[in-house]
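Please examine the structure shown below. A report on selected features follows it.

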Amino acid sequence: MTPLLLLALLQTAEPPIRPAAVLGFEPGTDSLLADWKQVSGYMNLLAQRSRFVRVDTLGRTTEGRPFQLMVITSPGNQARLAEIERAQALLADPRRLSDTVLADLRRKQPAVILISNNIHSTEVASSQMGMTLAYRLVTDRDLRVLLDSVVVLLIPSMNPDGLDTVVSWYRRYKGTRYEGGPLPWLYHKYVGHDNNRDWFMLTQVETRLVTRMLYKEWFPEIVYDVHQMGANGVRLFLPPFQDPVNPNLEPALVAAINQAGTEMAAAIYDAGLTGVAHQQTYDLWWHGGFRSTPTRHNMVGILSEAASARLGSPITLPLDSVHQPARGVNYPAPWPGGTWRLGDIVRYELLASKALVRLAAHDRLQVIDRFVDLGRREIDAGRAGNPFAYVLPPPPEQRDPEAWATLANVLTAAGVEVWRATEAFTADGRRYSAGSLVVPMGQPFRAHAKALLEPQQYTPVGDRPPYDVAGWTLPFTMNVRADVVSAPFTANLVQVDSVTPPPGRIDGSGDVFVLRNRTNAESRAIAELLSAGQLVTVAGDSLIVRGPKARAILSEQAARHGFTVTATRATAAVDRSVARQRLPRIGLYQPWVANVDEGWTRWLFEQYGISYTTLHDSDLRRGGLRQRFDVIVLPDAESGSITRGLDSTRIPLQYSGGMGESGASAISDFVRGGGTLVCLDGSSNFAITRLNLPVANVLGGEASGPQVLRFYAPGSIFGVLLGGVEREGSPVTLGVPDSLDIYFENSAAFSVSAPARALATYPVAPLRSGYARYQERLEGKAALVEAPVGSGRVILFGFRPQFRGQTHGTFKLLFNAVLLAAP
């Protein structure tokens, strides 16, 4: 049976049904929220009843739910969707377009837009709005006629797992004092709010599914990311964004974003509503969000941020409690205050979405032409140089083959062309061996590749901080060599779809194995070896492994992940104080305050086979931690949040109060009794105070944010030094190079007195990428500290070594801390 015949059989003569007829309530009704089964069920039913709708399942979410994409367009377009997709790929790469083909596509190709809902699950209104939007598109005559000229791709929820988490919590406590209150856990299994910070690193299942659709399959010209923000400000933000503008964005693209945002705002004002603002909070500098990464692919990226209610429950805001600007060109109609409902958010988002559909349909030719022209400009700019290409030399010229391959795969997954040299070549006077990877800049998605590979130099506008982070250079954070090539060169190249590390091996014979511990994959192998009861000891700057299963484990791991092991019969001098024959018992603290850093740590441990036990407040209060654990990891958190948590007026009693004094005392007893405490970033302040360490955070207080006088560094990359006698004998720095780049986001810096020691310190002018005000305050201060306490030790990270799954260059420090620094 052909797909078209099957589609015709599935689509009955019954008319499309309203969401309310299926749900039992209108989307946006006070205190009523549809969960994922209801949302996806309605979308599937609409597809069965309408020839304008197709539902695709892109894959499965982290927790196994179907991830849906709706394709809404006219029946004529539905009949040729494969042809439309192929044409979009041509438009995205003008090198493949002849004038004749382009002229034909301008005549018949619809514009393609994507509307993405509910990536942040507590921003729940758009998941409800999407059902009404889909229904209106296929039943409203004025909208339906537009569908000959536009394909609307609609993602009902970017996080179906989180939608169910939030709706379940809301329903459980509706009608109580906790109605609409905070959740005690993340609404994405691993990354919570950071699921919208993963759009270039692509660590999560959902991100990869959508990225494949965007840059391998559909190539929409416009991407609209629907969000909510705090409750007390303007009612809706729409572009224009505020300054600064990233230099990799074409002026025509910025103008198109501005045009779309103002037309969407006009539609809201035409409906008699108020409170729509432009040029607030959100800038065009940051790269990594769902509205920003498409702009580096020549797509018009639009963000809306609606004021929130209490999930599904209304709130009342007197005018004097609303923080909004005075009336002006960017805010022509202030909101008068009053009751704000879920239905209000749905209405604003629905009006904005319909306006975008109209814009794309009416300006179809302009949308297509701009997309093609932007691609051509990127290609021409790259061919002209500045730079001409980047070259990633192959292992063994890379310290970590797996990080090298991961960086290349991050690029290829997002549609960037990566080529492998089949023989040696010369570029900019430097000789490169066969197997080197070349990223030419003369390609349509140049802006994305360039933005990830080059250092960022953020220039603030007045005292305004950047939205999110200021720098993100992946060769720095991943410790991968990526050389800039300015001048054109010739080489024999073949394009690659994906990259794997060259297979590693065991050199030599014998039953004693030497690991240099230079790669993250070696930490994965160490975890497996210890889990299998093999003996791992430190010998100088290497690890010595013995045991009947060691050869089989190391042979398989080395071959798969690209590191080399030396086998010998000699017995090296070993440090018996660092000897392991079992995996340390690792406890990872998970507070009842949804903690993204805990989620990223949990994710990273699972990626590398490091077993752990989740510890909640009650586990700590019970005490006796040393009998159960060798290592406890505290994620980034403020001291007050760790000890006090959320108040029982905001969250149910069983989740309130933090670890309390009893939990903090149990942590102290654990360390003094011989345990290892690993503190990530902000939690270092907790350990300094509770354990009376001879260490001070010189940046003061809980953070080094804008409130700290004369110093400010948002998300940026700093260099640190690890050489010298201070690091000698510490397993934390084993196998780590003498200099390294770390990720600093309003983080800590330490002054240290004996017996504590600094394992990594900041040099003069440490900033490598991003922005820092008064960076000289960091000079000579410690970024990583080891302090003995009683029979145990504390390891203080003044940064997050696993930041958003990006910092492969500092993963090793965390792995060493939990695998090798345990008692």
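## Basis of the model

This is a predicted model, in which local features need pLDDT of at least 70 and side-chain atom pairs count only at pLDDT 80 or more, while totals for chains, interfaces and linings use all residues. Residues are numbered from 1 along each chain as its sequence is written, and side-chain values use heavy atoms, with hydrogens and water left out.

## The eight-stranded sheet

An open sheet of eight strands has the order β1-β2-β4-β3-β5-β10-β6-β8, with mixed pairing. Strands (E, at least two residues) and helices (H or I, at least four) are DSSP runs, numbered from the N terminus, and two strands pair if DSSP finds at least two bridges between them. Because β1 (53-60) and β8 (276-277) each have a single partner strand, one side of each is left without a neighbour in the sheet.

Helix α12 (residues 342-362) packs on this sheet and touches β3 (111-117), β4 (150-155), β5, β6, β8 and β10. The direction of α12 makes about 170° with that of β5. Helix α11 (residues 251-270) lies across β5, β6, β8 and β10, and runs at about 35° to β10. Axes are lines fitted to C-alpha atoms, for helices over the stretch in contact (heavy atoms within 4.5 Å), and angles run from 0 to 180 degrees between N-to-C directions.

## Strand β10

Eight of the eight residues of β10 (residues 300-307) are buried, so the strand is largely enclosed by the rest of the structure. Buried means under 20% relative accessible area, with a 1.4 Å probe and protein chains only. Val 300, Ile 302, Ser 304 and Ala 306 point one way from β10, whereas Gly 301, Leu 303, Glu 305 and Ala 307 point the other way.

Strand β5 (residues 222-229) pairs with β10 in the parallel sense over eight bridges. Across this pairing, Asp 225 stands opposite Leu 303, and His 227 stands opposite Glu 305. Strand β6 (residues 236-237) pairs with β10 in the antiparallel sense over two bridges, and there Phe 237 has Glu 305 as its bridge partner.

## The five-stranded sheet

Five strands form an open antiparallel sheet in the order β18-β13-β17-β14-β19. Its edge strands, β18 (483-485) and β19 (493-496), each pair on one side only. Neighbouring strands of this sheet are turned by 35° against each other on average, direction ignored. Strand β14 (residues 418-421) pairs with β19 over four bridges in the antiparallel sense, and the partner of Arg 420 in β19 is Val 494.

## The second largest pocket

The second largest pocket holds about 580 Å³ of space. A pocket is an open set of points on a 1 Å grid over the protein atoms alone, with protein on both sides within 12 Å along at least five of seven lines; lining residues have an atom within 4 Å of a point. Grid points are joined across faces, edges and corners, and the volume is the space filled by probe spheres set on the points.

Of the 24 lining residues, Leu 202, Thr 203, Arg 208, Thr 406 and His 808 are the closest to the centre of the pocket. Two or more residues come from each of α10 (205-218), α14 (401-413), α19 (596-607) and α25 (808-819), and α14 gives the most, with six. The lining divides into 11 nonpolar residues (Ala, Val, Leu, Ile, Met, Phe, Trp, Tyr, Cys and Pro), five charged (Asp, Glu, Lys and Arg) and eight polar (the others, Gly among them).

## Ser 684

Ser 684 belongs to helix α24 (residues 683-690) and is buried, with a relative accessible area of 0%. Leaving aside neighbours within four places in sequence, Ser 684 is in contact with Cys 679, Phe 750, Leu 796 and Phe 797.

Conventions
Buried means under 20% relative accessible area, exposed over 50%, partly exposed in between (1.4 Å probe, protein chains only). On a 1 Å grid over the protein atoms alone, a cavity is a set of points where a 1.4 Å probe fits but cannot get out, and a pocket is an open set with protein on both sides within 12 Å along at least five of seven lines; lining residues have an atom within 4 Å of a point.
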